[in-house]
Amino acid sequence: MDENNQKPVEIPSPTQTVSLKSGLYVTATPIGNLKDMTERGKEILRRVDAIACEDTRVTAKLLSAYGIKTPTFSYHEHNAADVRPKILARLQKGEAIALVSDAGTPMISDPGYKLVAEVREAGFYVDAMPGACAVTTAIMLSGLPTDKFLFAGFLPVKEKARLDSLAQWNGLPATLVFYESPNRLLKTLKAMVDVYGAERPMAVCRELTKLHQEVVQDTISNCLDEFAARDRIRGEIVLVVTPGEKIKPDASTMDDLLRENLKTMRVKDASQLVAEQLSLPKRDVYQRALEIKEVEKSNN
Ligand code: SAM
């Protein structure tokens, strides 16, 4: 590290009262381990006039762990449009405001980018205090290729939209990173088997930086078996999936996939999914799905 090249940090001793330059200070907080808060982040949270946070109760606990007494107010997706002008008005008065999320890096599946845009547009100073983030922590632990990755955030909750979303990234020459909740993990792993194939290597990263941190790195279907065998799946989860070729279409692959999907889906949905998976014309796949359905009916 080149020490002469560092952005100056005006860190006074705790008893000094040098006022901070007016502006917005976007500050990362830990994703589970209190020791992951940076010195610069703590100093900023101590010295700003107020902290905008998603849930004031969550941030209050964090601040009390560091002995920080700065006042907080809420800024979350439901009040953001109303609160942004109030933050701009405070900056206009010369105040320094920090933005934090409940955990990790603001704006990574958390609110904030519109605030940064408006604050900069209005000509005020914006700075970032980088730190913990579940995406980068999972990438660091996954043991999967790191040269290119795509962070796809949370998958849609509805099954069809979830399959479409997974299919959208299929064949991309980059490692894929998803956030997932424990109660949807099995559904998502099943969908990944359908869309990406059973054998693709992946990592399920759970409870990162916490006491029960766990990384299961295996094929998608083995990860599915591993978690399906558990009584209960808890904690916060990041899924990392290696880049893979799109499944090469041949007639038997299409028929196999259609037969499998037709067990649980309507003809229209099954054929749309398979058309996306194999990059084939929807009309042709739909036609074939109808034929398979007909044969199955006459066999029963
Ligand atoms: N801004 C946060 C960040 O920097 O990672 C993410 C916020 S997002 C609302 C919350 C999701 O991030 C969780 O549902 C989980 O998928 C992931 N996550 C956050 N902390 C995690 C942890 N300690 N271990 C695994 N995943 C985590």
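Modeller: Let's start with Cys-53, which is buried, with a relative accessible area of 0%. Please keep in mind that this is a predicted model. A disulfide is a covalent bond between the sulfur atoms of two cysteines. Searching the whole structure turns up 0 disulfides. Cys-53 is thus in none, and the nearest cysteine sulfur, in Cys-133, lies 19 Å away.

Now turn to Cys-205. What is its closest cysteine sulfur? That sulfur belongs to Cys-223 and sits 9.4 Å from the sulfur of Cys-205, too far for a bond, because a disulfide needs the two sulfur atoms within 2.5 Å. Cys-205 is buried too, with a relative accessible area of 0%.

Helix α7 covers residues 185-196 and helix α8 covers residues 220-228. Two packed helices are described by the angle between their axes and the distance between the axes. Here the axes come within 9 Å and cross at roughly 160°. An angle over 145 degrees counts as roughly antiparallel, so α7 and α8 are roughly antiparallel to each other. Their crossing is left-handed.

Which residues make the contact? From α7 come Leu-185, Leu-186, Leu-189, Lys-190, Met-192, Val-193 and Tyr-196. From α8 come Ile-220, Ser-221, Cys-223, Leu-224, Phe-227 and Ala-228. Sorted by type, the residues of this contact are 11 nonpolar, 1 polar and 1 charged. So our Cys-223 is one of the α8 residues in the contact with α7, and cysteine counts as nonpolar.

Notes:
Residues numbered from 1 in each chain as written. Predicted model: local features only at pLDDT ≥ 70, side-chain atom pairs only at ≥ 80, totals over all residues. Heavy atoms only, no water. Axes fitted to C-alpha atoms, helices over the stretch in contact; angles between N-to-C directions. Helix = DSSP H or I, 4+ residues; strand = E, 2+ residues; numbered from the N terminus. Parallel < 35°, antiparallel > 145°, perpendicular 65-115°, else oblique. Left-handed = near helix turned anticlockwise from the far one by under 90°. Contact = heavy atoms within 4.5 Å. Buried < 20%, exposed > 50% of the residue type's maximum accessible area, 1.4 Å probe, protein only.
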